[in-house]
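Please keep the chain in view while working through them.

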Amino acid sequence: NLYGRILWSGRAYASVPGFSWTNSGFEVTFEGDRLTAEFGSGQGNQFWNITVDGDRPKLICVSGTGEVTLAQDLGRGIHTVRMEKSSEGYTVQSIISLSTSANGRFYTPPKKPKRRILFIGDSITAGIGTVNETVGGNTCLQDGLKTYEALLSTAFSAESQVLALSGQAVCKRLSENGKTEPGIMREVFTHDNYWINRTAEYDFSWVPDVVVINLGTNDDAARVSESDFLAGVREYVRLVRTHYPKTKIVWAYGIMNYRFRDALEVFIPGLSSEGIGDVYFVPLKYQGTYGGTGYENHPGEKGHQMMATEIAPVIEEITGWRCGSFYG
């Protein structure tokens, strides 16, 4: 099973999958006492979550290319290992092959969930601030499995895709030198990964039931005017609707700053009068109301739990799905 938008490459090897987005990865079922992966091209230190037979996920750090043991000393029997990228979409890492014991064999993995949710966002959705750990001698600041989107995917038994890049915006963002520059979230939506390959357009074959958009924080930081921001929201929602005519769209905003929150609460429902229906707004509580922030004032694990709690009832209402436990 493959998860997330995949960057396929056929340069040195045919059909090699590259994983860039938060929580993208794979799931494999096999009989054997270990699982080893051969990593191809990669960019710097990247963090992954490995889950063996449904146990608690473990963060590992992978650097460069070569063979890495993902699980070992598993004992006799059939095992399922799931590997999900915790680093965000600015980096990519490819996996060339998987292997197990000499006398082992691979089986068809479990069926994927039928429900699908696409999450689009910035550093909040990428999970910056959910963790601060030293893994393999390197500092990890984001754990995709502790984010609100991971909690919601678990609670609704849904497969998810995550398109999240720190610092990005609907209209404009602040660059490293403090100047404003255009956000690229429009291109992010229409490409496999616009940051890494600006020619590979996405085919939209994976159709979500719900799209959750959590953007606006970096537009506020760049002092985008309210009118310009709302115009950008309209065009972004229209773009999503063009590619997914029957998908429910939820816009969530307000946890790190809230200048646009009141305006969005009126503006989003009003889009139906412009022929853009099935769009809903979730006003997120500002994180100062509950504390527990992480790196650079981003919401920590508690903040992501709060966001999941606030978004879940809206998804329940618009889909008819029942929300289960956030922790399986």
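1. Ile117 stands opposite Val210 in β20. This pair belongs with the 5 bridges that join β12 (residues 115-121) to β20 (residues 210-214), two strands that run parallel; strands here are DSSP runs of E with at least two residues, helices are runs of H or I with at least four, and both are numbered from the N terminus.

2. The model is a predicted one, in which local features need pLDDT of at least 70 and side-chain atom pairs count only at pLDDT 80 or more, while totals for chains, interfaces and linings use all residues. Residues are numbered from 1 along each chain as its sequence is written, and side-chain values use heavy atoms, with hydrogens and water left out.

3. An open sheet is formed by 5 strands in the order β15-β12-β20-β21-β22, with parallel pairing, where two strands pair if DSSP finds at least two bridges between them. Because β15 (158-164) and β22 (279-283) stand at the edges with a single partner strand each, one side of each is left without a neighbour in the sheet.

4. Helix α5 (residues 226-243) has 18 residues and reaches 26 Å from its first C-alpha to its last, close to the 26 Å expected at 1.5 Å a residue, the expected span being 1.5 Å times one less than the number of residues. Among its buried residues are Phe229, Val233 and Tyr236, where buried means under 20% relative accessible area, exposed over 50% and partly exposed in between (1.4 Å probe, protein chains only).

5. Ser101, in the loop between β10 (93-99) and β11 (105-107), is buried, with a relative accessible area of 10%.
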